[in-house]
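This briefing covers a few local features of one protein chain, grouped by topic. Please read it alongside the sequence and the coordinates.

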Amino acid sequence: PYMARFLEACVHAKLNMIICGGTGSGKTTLLNVLSSFIGNHERIITIEDAAELRLKQEHVISLETRLTNYEGEGEITIRDLVINSLRMRPDRIIVGEVRGKEAFDMLQAMNTGHSGSLSTMHANSPADALNRLEAMILMAGMEIPVKAIRQYIEKALDIVIQVERFSDGRRRVVSICEIVGFEGDNIALREIFSYKQTGVLPNGEVIGEFVLNDFVPEVYKKIKASGIDTLRDIFE
């Protein structure tokens, strides 16, 4: 319950979040749940390859990519949609999945005042997710030094959530990390919540426990500054 309340507070406080995990680990499902916490008065733009998000709010604009036609024309990529969505006065931008060159534009959106953006990506751990973001920006052919890219990522993102599908078929949030600046040249992550697997029962069910690490996260200040006071019993 603490993790659920924490994530809800993060959405209300308009923190930028990225959900990572393997194929079929429940990233889009979790993205759907998190987007349900967004207020009804906010103007939301969703950008996806295939429309999987089901948002119940009033002001939702759903954009979808398009492949080329027989003449090899008319392709609309996620990157085109991200760039265009910035002209639609969004309160939130939700990108179904970041796979390539659009990573740079999404980070740019997060850095230029469109806070509260959510997205998913394939990665095996939160640190791996940040490395992949870096690689995607370099793939876009941007002539930017790696250090500048890392500063960009560090400024843009607040929370990285890791989901995993276990051997018994259950999907769990196994890690919620915050980004806390730099350690040397690398972006530093600090784990707020985690899931520790302790064993497997004879029927194949995975057992373990959720852990709250004992410190007050940096993002808690941002959450409190937004006037959200629901986490006092967890962190104070």
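This is a predicted model: local features need pLDDT of at least 70, side-chain atom pairs count only at pLDDT 80 or more; totals for chains, interfaces and linings use all residues.

Does K14 count as buried, partly exposed or exposed? K14 has a relative accessibility of 27%, and because buried means under 20% and exposed over 50%, K14 counts as partly exposed.

- Most residues other than glycine have a negative phi.
- K14, which is not a glycine, has a positive phi of about 60 degrees.
- The loop that holds K14 runs between α1 (2–12) and β1 (17–21).
- R89 is another non-glycine residue with a positive phi, near 50 degrees.
- R89 sits in the loop between α3 and β4 (92–95).
- The relative accessible area of R89 is 56%; the cut-off for exposed is over 50%, so R89 is exposed.

- T46 belongs to strand β2, which spans residues 44–48.
- With a relative accessible area of 3%, T46 falls under the 20% limit and is therefore buried.
- Leaving aside residues up to four places away in sequence, T46 touches L53, L55, V60, I61, S62, L63 and I94.
- One of these residues, S62, also has a side chain joined to that of T46 by a polar contact of 3.4 Å.

**Surroundings of T65**

- T65 lies in the loop between β3 (60–64) and α3 (78–85).
- Residues touched by T65, not counting those up to four places away in sequence, are E48, D49, I76, T77, I78 and L81.
- The side chains of T65 and D49 are joined by a polar contact of 2.9 Å.
- From C-alpha to C-alpha, T65 and A51 are 9.3 Å apart in space, with a separation of 14 residues in sequence.

**Packing of α5 and α6**

- Two packed helices are described by the angle between their axes and the distance between the axes.
- For helix α5 (residues 126–139) and helix α6 (residues 146–156), the angle is about 125 degrees and the axes are 10 Å apart.
- The crossing of α5 and α6 is right-handed.
- On the α5 side, the contact is made by L130, L133, E134, I137 and L138; α6 contributes V146, I149, R150 and I153.
- Of the residues in this contact of α5 with α6, 7 are nonpolar, 2 are charged and none is polar.

Definitions and conventions
Residues are numbered from 1 along each chain as its sequence is written. Side-chain values use heavy atoms; hydrogens and water are left out. Helices (H or I, at least four residues) and strands (E, at least two) are DSSP runs, numbered from the N terminus. Buried means under 20% relative accessible area, exposed over 50%, partly exposed in between (1.4 Å probe, protein chains only). A polar contact is a pair of N or O atoms within 3.5 Å; within protein, one must be able to donate a hydrogen and the other to accept it, and residues adjacent in sequence count only if both atoms are side-chain atoms. Contact means heavy atoms within 4.5 Å. Axes are lines fitted to C-alpha atoms, for helices over the stretch in contact, and angles run from 0 to 180 degrees between N-to-C directions. A crossing is left-handed if the near helix is turned anticlockwise from the far one by less than a right angle, and right-handed if clockwise. Ala, Val, Leu, Ile, Met, Phe, Trp, Tyr, Cys and Pro count as nonpolar, Asp, Glu, Lys and Arg as charged, and the others, Gly among them, as polar.
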